[in-house]
Each structure stands twice: as C-alpha cells, then as structure tokens.
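Here is a short report for a first look.

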Amino acid sequence: MAVDTAPQIEFSKELESFIEEWKPKPGNLIMVLHRVQEEFGYIPREAAIKVSQLLDTPLAKIYGVITFYHFFKLDKPGKYNIQVCMGTACYLKGGEDLINEMENLLGIGVNEVTDDGLFSIESVRCVGCCGLAPVMIVDGEVFGKVTKDELPEIIANYRKQG
Amino acid sequence: MAVKNFILVCGGTACESSKANDIFNALKSEVEAQGVDKDVQIVKTGCFGFCEKGPIVKVLPEEAFYVEVTPEDAKEIISESIVKGRMVKRLLYVDDTDKKKEDDFDIENIKFYQKQVRIVLRNCGFIDPEKIEEYIARDGYAALEKVLFDMSPDDVINELKVSGLRGRGGAGFPTWMKWNFTKGVESDQKFIVCNADEGDPGAYMDRSTLEGDPHSVLEAMTIAGYTVGANKGVIYIRAEYPLAIKRLEIAIEQAREYGLLGEDILGSGFSFDFEIRLGAGAFVCGEETALLRSIEGNRGMPTPKPPFPAVEGLWGKPTVINNVETWANVPMIILKGGKWFNSIGTEKSSGTKVFALTGKINNSGLVEVPMGTTLREIVFDIGGGIKDGKKFKAVQTGGPSGGVLTNDFLDTPIDFDQLTAIGSMMGSGGMIVMDEDDCIIDVAKFYQEFCVEESCGKCAPCRIGTRKLYDILDKISKGKGTHKDLENLETIGNAMKKAALCGLGQTAPNPILSTLKYFKDEYLEHVDDKVCRAGKCKDLVRFEIDPEKCIGCTVCSRKCPVGCISGERKQPHSIDQSQCVKCGACYAACKFGAIKKS
Ligand SMILES: Cc1cc2nc3c(=O)[nH]c(=O)nc-3n(C[C@H](O)[C@H](O)[C@H](O)COP(=O)(O)O)c2cc1C
Ligand code: FES
C-alpha cells in the first residue's frame, strides 16, 4: 500500500501542536489516538497513517493498539451516538430492553449507523451513574432511570434538531 | 458583610447529568434577583453519595437537605430558606418510614448517613473541588507539610504499618509493604502510580472521590514520592470519566501555583510532579502490570509476576501503584496517626470501605462504612431495603471477580478476610443488590460474557476457559443443560484459577463457582425441570392468559411487538406460543393480573 505518500487528511492546528508536544514523551501513542478520536469522532485510516508518520511508529502497532481498546472506533458513528449502559446495575434494571427497543425503533443493530447518518447505537460498560440506572447517553447528554416508553420521544427530539 | 449562608449543590457526575448545573445557575440568578447575593455563597461540591435522590442541594448553617431538586425550585429555596429563614418542607428528605419527622427535620436523622463514617469521602460534598483553598482550609496539604519537615521516610512507613492500611483496589495487600519494597531498591528513577481505571461495571467510588476531592490523591502520591524517593507521579484514569479528568487537571495546576507541586516543594528541597494518562476502555488494564504496559503506550497485556512493579515497574523502574481510595486514606493517617486509623474497623482490616450500593435497593448511592459492618446494616439500614417491597435474594460483591452473598451472610461482618472465606471478595467496592426477580444463572452469564469480551487473549486458560464457561451457561439458560455441564463448570473454573496468567482469568470463574455453591437448587431447576423461577431466561418462560381474569381490554394485544395476541374486544384473549418472543410486554401492561408467567 502506498503508505509513504502523504495521507489525504487535514489535522487541526490544535491537534498538530498536541502531537508535537507529546512526540518526545515515551508511551505517547494512546494519548495521541485519544486526541485524534476527539477530533474526528473515530480514527479514520488516513489519520492512523498520518499519526504513524508523525510519531514514526509502525502502522501495524497503531492498529494493534486501536483494536485492543474498546474506546477507539474504526467506523464513523452517527451524528448522535446513543450509548446504552450495560454495566451490572443498568443490566439488572433493564439495560438490555433499552437496547432491543432502540434497535427496533431505529432499525439498526449495535455498532451500526442509520442510513441518514443521524444515529448509531453503542453498548457501553458503566458510565458511573449507577444510582440512575438504567442510564443512556446521547451526544454527551445523560438520561437516567430511562423507560422503554420514553425512547420514541427522545429520538424524535434529536431528529427535530437534525 | 460576611456571608450568612452557604448553598452546596452536588456537582458529581450523576447529579450533573440530572441538571445540577442548571440548578446552580438558577440559584445564582435568584440570589441576585432577590437581592441577597451578598449574604449567600453558592458552591458546587462533589458527590453527597445519596445518588438515588439527586440532584441534592444543602443549605448551611441550618443543614436543610433538599432532594430531587429542579431548576424551578431555585426561587422558593432562596425566598424561603435564605430570605425568610425557614426550610422548604416539600423538598426536604424524610425516610419513607418516618413521615412525621417532616416537622422537626434534622439531618442527623437521615438513616442513609447514620451508620456511615467518612474518611475517604471526608471532603466530598463539603468543598468545591475546583478550589484548592477549600481543601487547604480543611487541613489539606498539612500532612504533606508534616511529612516533608517532621518525618523521615521510615517514620512514614512505620505510621502506615501501625495503621494497618491495606490496598482498596481489590487484593488488600498491606500498603506499607509495597512502599517499603520500592524504597529499598536502588534506582536512578522511581515512579508513583495511581490506579484510577475502575473497570468493575457498576462501581463508581473512585470516580466520585476524584471528582469530589482530587487534592487528597495528589497529596498522598506526593507523600509516597518523598517516602520512596520518586519524583514523578502518573495517574492512569478511564477516558470515560471526563469530569474527574478535568478536576484533576485543575487541581494539579492549582497545586503547582501554590508551590505544593513542582520543584523544591515548600522550600524542602523535594521535587515532585504529575502526568495524567488516559485508559481506553479495557477492563484488564486495571490489573497493575497491564496498566503499566498501557501507560507505556502498548496493548494492555499483563506480564508475569515476579518481577513485581514495586521492583520493576513502569519503564522497568521501581514503581508504587495504589488504588484511588487507598491514596485518599493516606493524608488522614499521617495527620491523625496510624493508631487512630487502626482503631476503626476490624482487627485485620482497619479503616473504612466505600461501597457503590446499586441494583434493586431503595437508596442507591455511595456509602462509606467501617470495616466489619454487616451486610444487613448496609442493605437494610443504610440502603433502606429492597425496592418495591420485593424479597432480598443476594448481593454481588467484587464484580466480575467476586461472588454472591446470600441471606445466610446478612450478619457476617464485612472485611477482606471474611469475604474471601465465604467465596466472594472485597473487590473495589461494587455492591449490587438482587431481588427475587433476578435469575442467578442470568447474572453469572452476564459476568461471564463480560470476561469473554475483556480477556486479553494472551493466555489460553482465560481465553478459552471464559468462552467455554459462557457457552455452558448459555446452554443451561436455554434449558439444554445436563448434570455433566454443571460438573464441567467446576472443573474448568478450578483449572482456570490455577493456570491463568493474571488476576482476570484467575478470578473470572468466581461468580459461577460462588453461585453454584449457594444456589445449586436454581441451577438444578434449570437443568432438570427446565424452569427459571425468576422468569429471566426467556427460553424457559411461558406467558399465558387466564381466561377467567381477562376482560378483553386489548391493551396486551396492542403492546405485543410481534402481534401474537389475538381475541375479540371484551372477550378473553390468547397468546400464539409459536410466535411469542417472551418479551414480557403483555405481562407488564396487563392491569388485571390476567397474564401468567411460568
Ligand atoms: C482483572 C483485574 C482488574 C483490576 N482492576 C482494578 C481497578 O479497576 N482498580 C484498581 O484500583 N485495582 C484494580 N485491580 C487491582 C490492581 O492489580 C492492583 O492490585 C491495585 O491497583 C493495587 O492497589 P492497592 O494496593 O491500593 O489496592 C485489578 C486487578 C485485576 C486482576
Ligand atoms: S452500571 Fe450503568 S452507570 Fe454504572
């Protein structure tokens, strides 16, 4: 593969200076990948190639790390990523039912994106609000003590915002 | 003019998500609107622990404790509590059993707090974690000062030894020993690491501690640096905890400004500084050797011990690694003395333990109790008993590495050794309460699935064993299990305990082995009678309509997602069993109890 040609992706100024700052520090890869994902919402292949060049790290090692950690995503999530908690507390209080209902409503499975690119569903482990179980996070907003019946309205509200 | 009242608003993650921020802003604008902004200081604190009733607002000095507050309540809180000096009765918390107390509200009467002793959480809910001045005002950094100027490294180790402090990350290893090992090794560089990976799903003690009192951890790690001769601290924290990360960053920045970090701390000649490293959602990275590999920027795979991190840790250098809660105890031990700490708790487990009490319990939240408190006190006195008047079934402690505690152990004092003796473990402090509607096989399966996903795959016993165990449980939950399967669960589980490389694989069979021991009858019911008494294992459940009770209201047939319920209006309905997906929607919807689950 043409890994030595310059990858077709722009990094923001902030991202570039972040990489510059971390470059001399040993063990920087995971911190840099976090920052890349913050910028793009996932880690595009082009970005991985660029990081490999900037940090002088083999691409294979980068993919080794990305695929090991659940937090890093290889595919672009929907504009509104719906994270349903499947930690123990939420599981006991019906987290699975929420996921099933969400799948029904949106017609997609976990880790899939709707055709319009608006929604994706993710199952996550304990977000640390177990007192509010079952918990769901949409685009950073936390919904606690969620019931199945509330889901259509929550989705409709985000759909309205487009 | 001096401030007359303080209003504390919970700013922990759980409360923030339930609109604490809006409440904070609403209170701010109300004090201005009502012209009392000079008399009142509004503070955003860490978690009060009573997450079930959040968001919480506390008004000082009268100690009014308002629960489930909304931004719309701000106006009344200010006009009543502040301007007129009387409490807003409708927002006050009262134990359900004690309705009459409403008239003479006293915070001391809240059962949730009565049996708690707060050492680790001493500042959570009292100070603004984003202001170092407030930490200092509550004796913050006094322990560091004492250590730097009045104590030798050996004095510190000795104080820890007297205290009997054991690691709160799960294993309960004596903290002074770890420090002493590292101290004894000659090296040009050493590291102090904080394990804030908190991977146990359903536990959030470490998160709340860092969000509510970040300086206590920084202070403790600096003390450790002085004691063992290290100049660098690394905090490894889950990326899923953005608020805790932000507060740590602010705390480090402020400590530097005050000369409590960096070069030549307080003119003592000792230098120490921090770096924050983010985890990325891998449970195994909570294991200390895997955690170190992750800080080094690699896949988080554990390495065999020995060498122990205390001797050969981060970048091959001697490293002290402790859990957040362990750290948070240290400044108090230095200030109040090891003897004081040792007087709390049980003989072999001193001090307190913070638990995240969740599941089918009335008062979910964070509780800190002396070691040796019984399960009954935690579940029934503090936790207020089981939700909806259901029957208590079991408590799971130690997460995916732990086991269940049944009715028989309600009066067992809880400490490290007692829990291990009955086949569970302390773990990091998750305490998940189950009621009669929870199926023990389903729960064991849930944890096993977790372990399958989280096994790093390096060693065969864990990689293959977790999968095998899961498959067997799945078979049992579908009514296809045999007695041979039950035997195999034990054989495989015991083999993994001996052969797996790290703690993950060694403890992964625990939830199964422990439930097999205490709930054998339930396993046998699934195997022999093909029955799941809790009705959780879908393949074993059957929903039927009792024609005597059904009045033909049609609610169930409208709720059924697959349309398998038919019947005329005002006539008894029936379920087509071949189409039923056992979702239970009809069961939940029927107001006449006409749907039977068996
Ligand atoms: C699979 C596994 C997961 C662990 N997860 C955590 C964790 O999330 N947090 C933690 O502090 N310790 C965790 N530990 C324990 C650490 O390996 C280590 O014992 C601990 O950080 C030592 O600190 P302490 O002595 O203060 O307890 C885990 C251990 C294993 C085997
Ligand atoms: S289990 Fe869902 S937030 Fe903790």
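H18(B) passes H20(B) in a left-handed crossing. The model is predicted. Two packed helices are described by the angle between their axes and the distance between the axes. Here the axes come within 9 Å and cross at roughly 135°. An angle from 65 to 115 degrees would count as roughly perpendicular, and one over 145 as roughly antiparallel. H18(B) and H20(B) are therefore oblique to each other.

| Helix | Residue range | Residues in the contact |
|---|---|---|
| H18(B) | residues 483-499 of chain B | Leu486(B), Leu489(B), Glu490(B), Gly493(B), Asn494(B), Lys497(B) |
| H20(B) | residues 510-518 of chain B | Asn510(B), Ile512(B), Leu513(B), Leu516(B) |

By type, the residues of this contact of H18(B) with H20(B) are five nonpolar, three polar and two charged.

Now turn to chain A. It is divided into domain 1, residues 13-68, and domain 2, residues 80-161. The centres of the two domains of chain A, taken over C-alpha atoms, are 29 Å apart.

Next comes the contact of the two chains. The size of an interface is often given as the accessible area lost when the parts come together. Chain A and chain B bury about 3700 Å² between them. Of that area, 58% lies on carbon and sulfur atoms. Which residues of chain A lose the most area to chain B? They are Phe68(A), Leu92(A) and Arg125(A). Together they account for 20% of what the chain A side buries.

Notes:
Residues are numbered from 1 along each chain as its sequence is written. Chains are lettered from A and ligands numbered from 1 in the order in which they are written. This is a predicted model: local features need pLDDT of at least 70, side-chain atom pairs count only at pLDDT 80 or more; totals for chains, interfaces and linings use all residues. Side-chain values use heavy atoms; hydrogens and water are left out. Axes are lines fitted to C-alpha atoms, for helices over the stretch in contact, and angles run from 0 to 180 degrees between N-to-C directions. Helices (H or I, at least four residues) and strands (E, at least two) are DSSP runs, numbered from the N terminus. Angles under 35 degrees count as roughly parallel, over 145 as roughly antiparallel, 65 to 115 as roughly perpendicular and the rest as oblique. A crossing is left-handed if the near helix is turned anticlockwise from the far one by less than a right angle, and right-handed if clockwise. Contact means heavy atoms within 4.5 Å. Ala, Val, Leu, Ile, Met, Phe, Trp, Tyr, Cys and Pro count as nonpolar, Asp, Glu, Lys and Arg as charged, and the others, Gly among them, as polar. Domain bounds come from an automatic or database domain assignment. Buried area is the accessible area (1.4 Å probe) that two parts lose on being put together, summed over both.
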